[in-house]
Amino acid sequence: MRGGDIESRGEKNRGSNHASSYAVEDTDTPWISWLIPLFVVANVVMFVIVMYFNNCTKSNQGCVARFLGRFSFQPLRENPLFGPSSSTLERLGGLEWKKVVHQHQGWRLVTCIWLHAGVIHLIANMLSLVIIGIRLEQQCGFVRIGIIYLLSGIGGSILSSLFIQRNISVGASGALFGLLGAMLSELITNWSIYTNKVCALLTLLVIVAINLGVGILPHVDNFAHIGGFLTGFLLGFVLLPRPQLGWMQRRNLPAGVRVNSKYKAYQYGLGLVSLVLLVAGFTIGLVLLFRGVNGYDHCHWCHYLSCVPTSRWKCDGN
């Protein structure tokens with residue numbers, strides 16, 4: 001989303017009309033992306049491991065692609081995404097409310113991020129991760145993007161568990177929505193260095209709206225999407241503000257010249273407020289989750305955030 005839309009502060013102050021990517025951490029060299037490709041490999045490896053343990057041919061005669069042996073898929077009537085059984089996903093770390101709350105298996109909030117329901121689910125998520133994540137990692141570095149990805153995935157798992165309590169949830173969608181949220185907050189907190197900023201903002205909002213809109217379809221865990229998006233949005237204000245030009249050039253300034261603060265006042269303010277909201281949100285969410293609270297008891301209309309019934313489909317109770 002950035003590329004030609006971001007104007008280098010140095011060039012902007014010199015009156016140049018050339019737009020380019022803005023330097024991060026006092027360097028014009030983009031980071032080499034290795035963490036996002038590693039995440040992709042990890043997700044693919046985990047899917048292969050899940051299919052190995054699933055071993056459809058051992059207990060089912062209707063497996064799809066039986067030539068794959070124990071890696072063949074469950075019958076399409078059971079899993080139309082070409083993947084394992086729900087019992088296998090549950091056994092290997094899928095997000096299941098009863099096990100998290102009553103059996104104290106909080107680790108499932110993390111492991112479910114690395115599991116996928118099928119080949120179609122995996123390919124869709126990994127393509128999105130490559131398109132969104134590599135660009136962000138090149139511009140912001142692996143540490144910050146890794147933190148956003150993982151915490152957004154956990155945030156999505158927490159919100160999902162508060163509402164989706166009868167089904168198993170898996171997938172990296174919450175983490176992916178966190179990256180989208182971080183892109184949006186990065187644009188807002190670094191507003192002054194963008195050209196065509198309104199166009200960039202509208203484009204991002206449309207992308208987010210379309211993706212969240214897909215979540216109102218049945219069998220899609222939109223609460224994970226929303227939780228991941230909100231977590232990434234807040235983390236973007238904390239981790240992705242860009243330093244002021246004066247601070248970046250402090251080593252080249254003559255002695256006695258006043259150096260600007262690293263960030264602008266509004267960036268500090270947004271970062272502090274976001275950090276407080278983030279800590280409060282995670283704390284409240286975890287407390288409510290492990291107390292066994294059902295989110296629908298306190299928000300009766302929230303089911304419309306995950307599925308809107310129409311004449312073409314019905315929404316299963318959660």
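Predicted model: local features only at pLDDT ≥ 70, side-chain atom pairs only at ≥ 80, totals over all residues.

Residues count from 1 along each chain as its sequence is written, and side-chain values use heavy atoms, leaving out hydrogens and water.

**Entry 1: annotated segments.** For secondary structure I use DSSP runs numbered from the N terminus: helices are H or I with at least four residues, strands are E with at least two. Residues 31-53 come out 83% helix and 0% strand, with end C-alpha atoms 37 Å apart. Residues 268-290 are 100% helix and 0% strand, and there the end C-alpha atoms are 33 Å apart.

**Entry 2: salt bridges.** My rule is a side-chain nitrogen of Lys or Arg within 4 Å of a carboxyl oxygen of Asp or Glu. I get two salt bridges that way. For burial, I call under 20% relative accessible area buried, over 50% exposed, and anything in between partly exposed (1.4 Å probe, protein chains only).

Glu 186 and Arg 242 pair at 3.3 Å, N to O. This pair ties together distant parts of the chain, 56 residues apart: Glu 186 sits in helix H9 (residues 173-189), and Arg 242 in the loop between helix H11 (222-239) and helix H12 (245-248). Glu 186 is buried at 2% relative accessible area, and Arg 242 is buried at 3%.

Lys 99 and Glu 90 make a salt bridge at 3.6 Å, N to O. Here Lys 99 is buried at 18%, whereas Glu 90 is partly exposed at 23%.

**Entry 3: second largest pocket.** I define a pocket on a 1 Å grid over the protein atoms alone, as an open set of points where a 1.4 Å probe fits, with protein on both sides within 12 Å along at least five of seven lines; lining residues have an atom within 4 Å of a point. Volume is the space filled by probe spheres set on the points, which are joined across faces, edges and corners. The second largest pocket has about 460 Å³. Of its 20 lining residues, Ile 158, Leu 159, Leu 162, Gly 281 and Gly 285 are the closest to the centre. Helix H8 (142-163), H11 and helix H13 (265-290) each give two or more lining residues. Which helix gives the largest share? I noted H13, with seven residues.
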